[in-house]
Amino acid sequence: MSLQGKVGVVTGSTSGIGLGIARALAGAGADVMLNGLGDAAEIETIRAGIEKEFAVRVLYHGADMTKPLQIAEMIASAQAKLGGCDILVNNAGIQHVAPVEDFPPEKWEAVIAINLSAPFYAIRSAVPGMKQKNWGRIINIASAHGLVASVNKAAYISAKHGLVGLTKTVALETAQTGITCNAICPGWVRTPLVEAQIVARAQAANLEIEESGRRLLSEKQPSLRFTSPEQLGALAVFLCSDGASNMTGTSLPVDGGWTAQ
Ligand code: NAD
């Protein structure tokens, strides 16, 4: 499968799932715009490393996903410097865990801004260019928590359910074009976002980290295996292929059976 000549913008790709997807798109031949927070020197090492390994063009844009103007600027920059935003992967995300009555309003606002509003702002900026080319792929990284709920994650689950709804709406609005819009719904993936939860649970229950990880899996994920960023990257590349050109508006669980229960 070749994505040569295509340009992918992957939000939150300095770490975890986004980095796995950016690498997979580059591996399939796409030029890539990276985005995300982090140490400038480490980000430059990641950028240069992908560029060298896969012989594609890789740029980095530091847009803060809580800032609509910066998001629009990032899409415009991909169009100006790389020739388009053919593949948009809305991946940047944060988590906060607390019961609803203790949930800090500023955390609610931040989770909704990054996990739900940022995809909206990126999509509205990218769709006109995709329509002009009559080709586009929008991939929203939702979650098993876009399909079912758990306790203590009010903002995250609201945002991810919202993202599944946004995915369906954009799919309908673009159905008669060459654009598709789908959501990937991972279960547990062992990234820094989940590692923080594993550590917090280990401390609360006085457990070893690895035992805490096993318990986290056994509560929700019947396979008892973490999904890897590489597996999610492979699915993203498939969604960009001609074989997936009539798949739109779907929400695809990659969750070891979590949402089958
Ligand atoms: P991660 O913490 O490893 O990566 C998150 C990325 O988002 C990082 O690159 C970070 O810099 C970026 N980011 C955070 N705030 C930002 C901001 N204001 N502006 C720009 N970038 C910002 O987490 P991850 O687990 O790889 O999560 C990626 C996505 O996958 C998230 O949307 C998350 O909700 C989703 N997800 C993760 C899991 C899991 O088990 N890890 C499961 C389901 C869904």
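A disulfide is a pair of cysteine sulfur atoms within 2.5 Å. Keep that cut-off in mind as we tour this structure, which is a predicted model.

**Cysteines**

How many disulfides does the structure hold? The count is zero. Cys85 is in no disulfide, and the nearest cysteine sulfur, that of Cys240, lies 11 Å away. With a relative accessibility of 4%, Cys85 counts as buried.

**Two helix pairs**

Two packed helices are described by the angle between their axes and the distance between the axes. Here are two such pairs.

| Helix pair | Angle | Axis distance |
|---|---|---|
| α4 (residues 105–133) and α5 (residues 154–173) | about 15° | 8 Å |
| α6 (residues 192–205) and α7 (residues 209–220) | about 110° | 8 Å |

The angle of about 15° makes α4 roughly parallel to α5. The crossing of α4 past α5 is right-handed. On the α4 side, the residues that meet α5 include Trp108, Ile112, Leu116, Phe120 and Ile123. From α5 come, among them, Tyr156, Leu163, Leu166 and Val170. Sorted by type, the residues of this contact between α4 and α5 are 14 nonpolar, three polar and one charged.

Next come α6 and α7, which pack at about 110° and are therefore roughly perpendicular to each other. Val194, Glu195, Ile198, Val199, Arg201 and Ala202 are the α6 residues that meet α7. Their partners in α7 are Ile209, Ser212, Gly213, Arg215, Leu216 and Glu219. What kinds of residues make up the contact of α6 with α7? There are six nonpolar, two polar and four charged residues.

**Helix α8 and its neighbours**

Helix α8 spans residues 229–239, and its buried residues are Pro229, Leu232, Gly233, Leu235, Ala236, Val237 and Leu239. Which elements do the buried residues of α8 pack against? They pack against helix α1 (16–27) and the strands β5 (136–141), β6 and β7 (251–254).

**A loop residue**

Between α5 and β6 (179–186) runs a loop, and Ala175 is found in it. Is Ala175 buried, partly exposed or exposed? Its relative accessibility is 45%, so Ala175 counts as partly exposed. Ala175 and Met247 are separated by 72 residues in sequence, while their C-alpha atoms are 9.7 Å apart in space.

Technical notes
Residues are numbered from 1 along each chain as its sequence is written. This is a predicted model: local features need pLDDT of at least 70, side-chain atom pairs count only at pLDDT 80 or more; totals for chains, interfaces and linings use all residues. Side-chain values use heavy atoms; hydrogens and water are left out. Buried means under 20% relative accessible area, exposed over 50%, partly exposed in between (1.4 Å probe, protein chains only). Axes are lines fitted to C-alpha atoms, for helices over the stretch in contact, and angles run from 0 to 180 degrees between N-to-C directions. Helices (H or I, at least four residues) and strands (E, at least two) are DSSP runs, numbered from the N terminus. Angles under 35 degrees count as roughly parallel, over 145 as roughly antiparallel, 65 to 115 as roughly perpendicular and the rest as oblique. A crossing is left-handed if the near helix is turned anticlockwise from the far one by less than a right angle, and right-handed if clockwise. Contact means heavy atoms within 4.5 Å. Ala, Val, Leu, Ile, Met, Phe, Trp, Tyr, Cys and Pro count as nonpolar, Asp, Glu, Lys and Arg as charged, and the others, Gly among them, as polar.
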